[in-house]
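The sequence and structure come first, followed by the points grouped by topic.

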Amino acid sequence: MQLRKPISLILIAMLLFSTSVILLPSDSVLAGVGPTFESSHDGDDSDEMGKAVTFLVRIENISGDSDLPTPFAPGVWVLHSEAGPLFIEGEADKGYGLEALAEDGDPSGLAEALNGMDLHAGVFNTPAGADGPGPLLPGEAYEFEVKATADTPYLSFATMFVQSNDLFVGPGESGIALFDMDGMAMMGMHDVTADMDLWDAGTEANEEPGVGGDQAPRQSGPNTGIPEVDGTVRIVDDGYTYPDVSALVKVTIEEVMMMDEGMDKEMDEKDEMMSDDDKMADKDGMMAAEIMLMEEGSTPYTVVAGDTLGSISRRAYGASKYWSVICSANELADCNLIHIGDELMLPTAGDAMSMMDDKMMMGEKDSMMSDDDKMADKDDSMMSDDDKMADKDDSMMSDDDKMADKDGMMAGDAMMEAITLMDDGSTPYTVVSGDTLGTIAKRAYGSSSYYSAICSANELADCNLIHVDDELMLPTQAEAEEMMDSMMMEDSMDAMEKKDDS
């Protein structure tokens, strides 16, 4: 059976944040950048883990280009020596909390149960670069560290496949081997995506993926589906069509090299001097080797596992903020998307600094808008209440606006350059990768709330659905404002009529 055309990613995100479905764990088990232990071991856990090796685990949602784009929910990890801490294939769910994780994206109960069984376990719940816990949207990644010893050589984890009733992604019951039979730790970075499967928890009857009314983005509340009778945990095989796991996630595990006390202190001091943005963008590549640039001409560089533009920038220029320069120099359609084996050209240090200065000047130019432009964009102190509702600035944007604009905000300067509108007549615009009507409106009119004007002007059937290479016509600033005023008036009249009817 073929999948129907999936709903838009923006709509998925809006549904996730608007339903009563549990997708965040309770505060009592929130994990930070590293594992937290609540075990029943005698003595200090830190002593027991003294000879531990630290590994960085990265789970990236790459489902955006698949037949079924989907978020993934916060999940559970556990270190173990014997197979099957989360499940045994072909047997019923153990009742420790896998059901809540697979059906509703709530890993808290399972993490608590695992820690209560003398296992080292934790929760991963915060996408890299995010301010707090949340679901993992396409293009984002969960990252977490685990400290394992040869006594607990295996890592298992599970994260909910949200566009389903009770499916989750993770390795088999044996987990991933972090140490070999001789007790030697995994070295370097390993892509373990091939060890992942899409599992059926066997706790709820399956519906067509991406469509079912009892699936997390659409269900009215947690645990509302029809229970599966005599179900077992198994690789999903229900007659529906699903993308390959390799089209949904990319999972890598990397040994984190530890520094001696003196080097550690020096790195801490260096970290304090880095901006928060640099730290977030550079997380992957802080430990990688420096890239030596040629004095003249661009330096070729081949992307390797774990690279981001931020980490490459840090190694080449000493600061991750130059990622936007690399993106512009290579004319990348999506600054957040690079692949192993991609060939990049890195400008000289002097050229990179010059390009960054140009970008900063462009930013200053935007902040020095003419009085006419300021009037067109009405700042908060001069706007009427109605105008504020129509033109909310970034700090006051509605949840819908934030979700509509999320794709473009993460793309940085290269994707957020202003669109210059013609004074007379509509301005043609060709949709590129990463665009939404919200990001286009932001760049053209200064506020993503104008997405509805673009949608109306182009008579789009679905304001949440545009495609790369679509041709749009952008109204002038004045025309867009008139359209927004007209829409607001219609909304007000509708509200008054409803009020009268009630």
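**Salt bridges**

The count of salt bridges comes to 5. The model is predicted.

*R58 and E143*
- One of the salt bridges joins the side chains of R58 and E143, at 2.6 Å from N to O.
- R58 belongs to strand β1 (residues 53–61) and E143 to strand β4 (residues 141–148), so this pair ties together parts 85 residues apart in sequence.
- R58 and E143 are both buried.

- D200 and R234 form a salt bridge, with their closest N and O atoms 3.4 Å apart.
- This pair links distant parts of the chain, as D200 is in strand β9 (residues 197–200) and R234 in strand β10 (residues 234–235), 34 residues apart.
- D200 is buried at a relative accessible area of 1%, whereas R234 is partly exposed at 26%.
- R234 also meets E228 in a salt bridge of 2.8 Å, N to O, and E228 is partly exposed at 22% relative accessibility.
- Through shared partners, the salt bridges join D200, E228 and R234 into one network.

**Helix α4**
- Buried residues of α4 (residues 108–116) are S108, L110, A111, L114 and N115.
- These residues lie on the same side of α4 because they cover an arc of only 165 degrees around the axis.
- The buried residues of α4 pack against β2 (75–80), α3 (98–104) and β3 (120–124).
- E112 and G116 are exposed on the other side of α4.

**Whole protein**
- The protein contains 15 helices and 15 strands.
- Of its 502 residues, 44% count as buried.
- The accessible surface is about 25500 Å², and carbon and sulfur atoms account for 51% of that surface.

How values were computed. Residues are numbered from 1 along each chain as its sequence is written. This is a predicted model: local features need pLDDT of at least 70, side-chain atom pairs count only at pLDDT 80 or more; totals for chains, interfaces and linings use all residues. Side-chain values use heavy atoms; hydrogens and water are left out. Buried means under 20% relative accessible area, exposed over 50%, partly exposed in between (1.4 Å probe, protein chains only). Helices (H or I, at least four residues) and strands (E, at least two) are DSSP runs, numbered from the N terminus. The arc is that of the directions from the helix axis to the C-beta atoms. Contact means heavy atoms within 4.5 Å. Accessible areas come from the Shrake-Rupley method with a 1.4 Å probe; for residues, only the protein chains shown count as cover. A salt bridge is a side-chain nitrogen of Lys or Arg within 4 Å of a carboxyl oxygen of Asp or Glu.
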